[in-house]
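Here is a short briefing on one chain. Look over the sequence and the model first, then read the points by topic.

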Amino acid sequence: MNRAHTELRRFTKAAGLVNGFRTAISLHSHTYYSKESLGFIPHYLGFHRTPIVSGLFHSEMKNYEERTGKTLDFDRAYWTPPVSPSMVVT
């Protein structure tokens, strides 16, 4: 049996650190203790112009602003992932 060489490295911003590797994993995760910001949504839908969704989004944002007199603040909005810490490590 020919065992492949395994090497574990911690990613840093050093240039060229990941050169020569074929696989990478991330141990980064979120649980129901996290508050994940939705602030990226307006930028993403405005920048990428997702068909159908972008038009609906902009229409609803305009309707909201007309009804309330203010814009919806996505930077204050968040979602909470539905997993517990024990589910992440199991």
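How many helices and strands does the chain have? There are 3 helices and 2 strands. Along the sequence they follow the pattern β-α-α-β-α. The model is predicted.

**Whole chain**

- The chain has 90 residues, and buried residues make up 12% of them.
- The chain exposes about 8,400 Å². Carbon and sulfur atoms supply 57% of that area.
- Take the contacts in the chain with a separation of 6 or more: residues 24 or more positions apart account for 62% of them.

**Helix 1**

- Helix 1 covers residues 41–48, and Gly 46 has its place there.
- Is Gly 46 buried, partly exposed or exposed? Its relative accessibility is 33%. Buried requires under 20% and exposed requires over 50%, so Gly 46 counts as partly exposed.
- Gly 46 and Phe 57 are 11 residues apart in sequence. Their C-alpha atoms are 9.3 Å apart in space.

- Helix 2 runs over residues 53–68 and includes Leu 56.
- Ile 52 sits in the loop between helix 1 and helix 2. Its phi is positive, near 65°, and Ile 52 is a residue other than glycine. Most residues other than glycine have a negative phi.
- Gly 69 follows helix 2. Phi of Gly 69 is also positive, near 80°.

**Nonpolar surface patch**

- Which residues make the nonpolar surface patch? The patch consists of Ile 52, Val 53 and Leu 56, and its area is about 320 Å².
- Ile 52 has a relative accessibility of 68%; the cut-off for exposed is over 50%, so Ile 52 counts as exposed.
- Leu 56 has a relative accessible area of 54%, and therefore Leu 56 is exposed by that cut-off too.
- In an α-helix, residues three or four places apart point the same way, because there are 3.6 residues a turn.

**Ser 34**

- Ser 34 lies in the segment before strand 1, which covers 36–37.
- Is Ser 34 buried or exposed? The relative accessible area of Ser 34 is 16%. Buried means under 20%, so Ser 34 is buried.
- Which residues does Ser 34 contact, leaving aside neighbours within four places in sequence? They are Trp 79, Thr 80 and Pro 81.

**Ser 84**

- Ser 84 has its place in the loop between strand 2 (78–79) and helix 3 (85–89).
- The relative accessible area of Ser 84 is 10%, which is under 20%, so Ser 84 is buried.
- A polar contact of 3.1 Å joins the side chains of Ser 84 and Ser 86.
- Not counting residues up to four places away in sequence, Ser 84 touches Thr 31 and Tyr 32.
- Ser 84 and Tyr 33 are 51 residues apart along the chain. Their C-alpha atoms are separated by 7.9 Å.

Terms used: Residues are numbered from 1 along each chain as its sequence is written. This is a predicted model: local features need pLDDT of at least 70, side-chain atom pairs count only at pLDDT 80 or more; totals for chains, interfaces and linings use all residues. Side-chain values use heavy atoms; hydrogens and water are left out. Patches are made of residues with over 30% relative accessible area and no salt bridge: like charges are joined within 9 Å, nonpolar side chains (Val, Leu, Ile, Met, Phe, Trp, Tyr) within 5 Å. Accessible areas come from the Shrake-Rupley method with a 1.4 Å probe; for residues, only the protein chains shown count as cover. A salt bridge is a side-chain nitrogen of Lys or Arg within 4 Å of a carboxyl oxygen of Asp or Glu. Helices (H or I, at least four residues) and strands (E, at least two) are DSSP runs, numbered from the N terminus. Buried means under 20% relative accessible area, exposed over 50%, partly exposed in between (1.4 Å probe, protein chains only). Contact means heavy atoms within 4.5 Å. A polar contact is a pair of N or O atoms within 3.5 Å; within protein, one must be able to donate a hydrogen and the other to accept it, and residues adjacent in sequence count only if both atoms are side-chain atoms.
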